[in-house]
Amino acid sequence: MGPSKGEEEEQSVILISDDEAENTLGSSVLVVDPLEKSALEEEKSEEVVDEECELMVTFCKQANVMPHARYDCTIHLFERTECDTCSPLGKNADICDQCYCYICDKLAAECQNWTTSSLCHCNAHNKSKFWKDQRDFALAGVLVMFNLELTDIDADLRHGGSLLIKFIQELSVEYNKYLVGEKIPPTQHECICLPKLPAGQCNICRSRNTEVVYKYSGVFALVTRFLNQAEQESPKAAAVMYLGAAKEIALHKDPALLNVVPWDDMLLTTVLKGQNITGQRTQKGRKMRLWEAFPVIEARVKKLVDKENYKEVVRYLRAVKCNDTKGSVNRFDFVYECSAVFQPKCWSSLIMILGSSSLLEKSGHLHPLSLKEPPLDFQRGVLAASSGLLEELKAKINVSLPPTIFSPHLHHEACLILAVQAIQQMLFCDLPYLNSFLEIALAFGNNFWALRLLLDHLSYEEHVLHGTVNLILRDLNHQKATMLKLWQNLGPQYVGEFLCLFLTCRHQKMQSIGLFALSIITENLHM
């Protein structure tokens, strides 16, 4: 039994896709409309479907395609995966005129992320939790944080969500300003550089004395305005604004609070022992890095230096990471400032080793050697080769000392000359960061010819010469009692040669060291 002609004109048959059974937001449908007939359809053919029920199909027609999700398209095949966003799968990028984007809920032809790498909305479907979450976020926006059903989101909630998004964007800007802080330069500060500038005019000293102040007032004012605005909104919108603001503020941290790694921390321990040179390690699949605030690094370096653990200081400074963003401490300045504390000790120890015998004294101490000054041609040859050797050392290349220069006959002398050249280069680069130099000068012991070689080379750079002399004069002034005791132990011959070295220097500024040392001795002759 078939439908009557009148019934055909008034009814349409709608076929609902099985995939949309659990989707309440819309259906992908096919409509069979018998109202439009082609000439071919007029040629009716009868086909018995069920003889017992007397059901017979008298004619059929291809369905008209209605708007549908891409995964329900009957024209183009669709491949399903859980969360593939790299590139379109199979023919998923192909669309018909009625294909809709599952994420954007608009025509696929209008979707800007249809085939965009890392997004690929063309692969989205309703059987994937990943894609469902993406759709919820696209439709609900910031309201997704409240786990609301899409059907529960009304105009008030959406209005509160739009205000919250704007607030979050503005809050991000203010909070970043707070984290960077505001630099407050000192009004007056004494310049310690060379040449010495009037107070307040040296940019280097100004940067060192600059204080960083973290002001939360900008964030506080913005939050206050937002909460006051929420009081004027509807209850639903206000609830969204209050809860969203509370969630954002809860994530804020005080940048002045320092996260101090304990000394027995596994990563720090391996770095100090030299077992880890990168400052990185992987624990349970998570990469960890030795990262500390600048005040913590300063304090840790000072403690290591006080214990004379210089190797550990070098290992630590090479591995640790500090803030290196705009407005923070420059990493190279930081390394120099920290190393200024222990550089003189390191250099003096190196010079004492190079100028000592390979055999220790019975007490276990170094046995200093009084080396005879080598010929001038030999000194010039070592100095000429030293520049290349030091460049190779800076490049961390395994250096081979030329056997013609570093022969067993003058090996100690050649090493001292190489050290003189290295100290000279160090002074040219690091002089503003040094806090002492007398210890380096005294380390040459009775090898005054090597110290004179260093002082002569410094005289070619006026600012380096003046800076070095000022350091030595300051050391002598602060360590008068120590120097007197040291000169008494070393004897009158050493003191005479020390005074003669400086008093006979060709540069008048260098002679001031000899005059100052002589005044210390004459003032304490009665002792």
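This is a walk through a predicted model, from overall make-up to single residues. Residues are numbered from 1 along each chain as its sequence is written, and side-chain values use heavy atoms, leaving out hydrogens and water. Because the model is predicted, local features need pLDDT of at least 70 and side-chain atom pairs count only at pLDDT 80 or more, while totals for chains, interfaces and linings use all residues.

The chain holds 20 helices and 11 strands. Both are DSSP runs numbered from the N terminus: helices are H or I with at least four residues, strands are E with at least two. Of the 527 residues, 35% are buried. Buried means under 20% relative accessible area, exposed means over 50%, and partly exposed lies in between (1.4 Å probe, protein chains only). The accessible surface of the chain is about 32,000 Å², and carbon and sulfur atoms account for 55% of it. Such areas come from the Shrake-Rupley method with a 1.4 Å probe; for residues, only the protein chains shown count as cover. Contacts here mean heavy atoms within 4.5 Å. Among contacts between residues at least 6 apart in sequence, 63% join residues at least 24 apart.

Confidence comes next. pLDDT is the predictor's confidence in each residue, from 0 to 100. The chain averages 78, and 79% of the residues score at least 70. Where pLDDT is low, the predicted coordinates should not be read in detail.

Now to the interior. In soluble globular proteins, nonpolar side chains tend to be buried together. A nonpolar core is a set of buried Ala, Val, Leu, Ile, Met, Phe, Trp, Tyr and Cys residues joined through side-chain atoms within 4.5 Å. The largest one has 60 residues, and Ile 423, Leu 427, Phe 444 and Trp 487 touch the most other members. Helix H14 (residues 411-430) supplies the largest share of this core, 11 residues. Apart from it lies another core of 20 residues, including Leu 143, Ile 153, Leu 163 and Ala 230.

Trp 487 deserves a look of its own. Beyond its neighbours within four places in sequence, Trp 487 contacts Leu 476, Tyr 494, Val 495, Phe 498, Ala 517, Ile 520 and Ile 521. Ring pairs also link Trp 487 with Phe 448, Tyr 494, Phe 498 and Phe 502 into a cluster.

The structure holds 10 aromatic pairs. Rings of Phe, Tyr and Trp (its six-membered ring) pair if their centres lie within 6.5 Å; planes under 30 degrees apart count as stacked, over 60 as edge-to-face and the rest as tilted. Tyr 178 and Tyr 216 have ring centres 4.9 Å apart and planes at 75°, so they are edge-to-face. Tyr 178 sits in helix H4 (residues 155-180), and Tyr 216 in the loop between strand E9 (211-213) and helix H6 (217-230), so this pair ties together parts 38 residues apart in sequence. Tyr 178 is buried at 7% relative accessibility, whereas Tyr 216 is partly exposed at 29%. Tyr 494 and Phe 498 are stacked, at 6.3 Å centre to centre and 25° between the planes. Both lie in helix H19 (residues 492-503), four residues apart, about one turn of the helix. Tyr 494 is buried at 5% relative accessibility, and Phe 498 at 2%.

Charges also meet rings. A charge sits over a ring if NZ of Lys or CZ of Arg is within 6 Å of the ring centre and within 35 degrees of the ring normal. Arg 135 lies over the face of Tyr 102, 4.8 Å from the ring centre. Arg 300 lies over the face of Trp 263, at 4.5 Å.

Leu 465 belongs to helix H17 (residues 462-478). Leu 465 is buried, at 0% relative accessibility. Not counting residues up to four places away in sequence, Leu 465 touches Leu 458, Ser 459, His 507 and Met 510.

Backbone angles close the tour. Most residues other than glycine have a negative phi. Asp 105 has a positive phi of about 60°, and Cys 120 one of about 45°. Asp 105 is partly exposed at 45% relative accessible area, whereas Cys 120 is buried at 0%.
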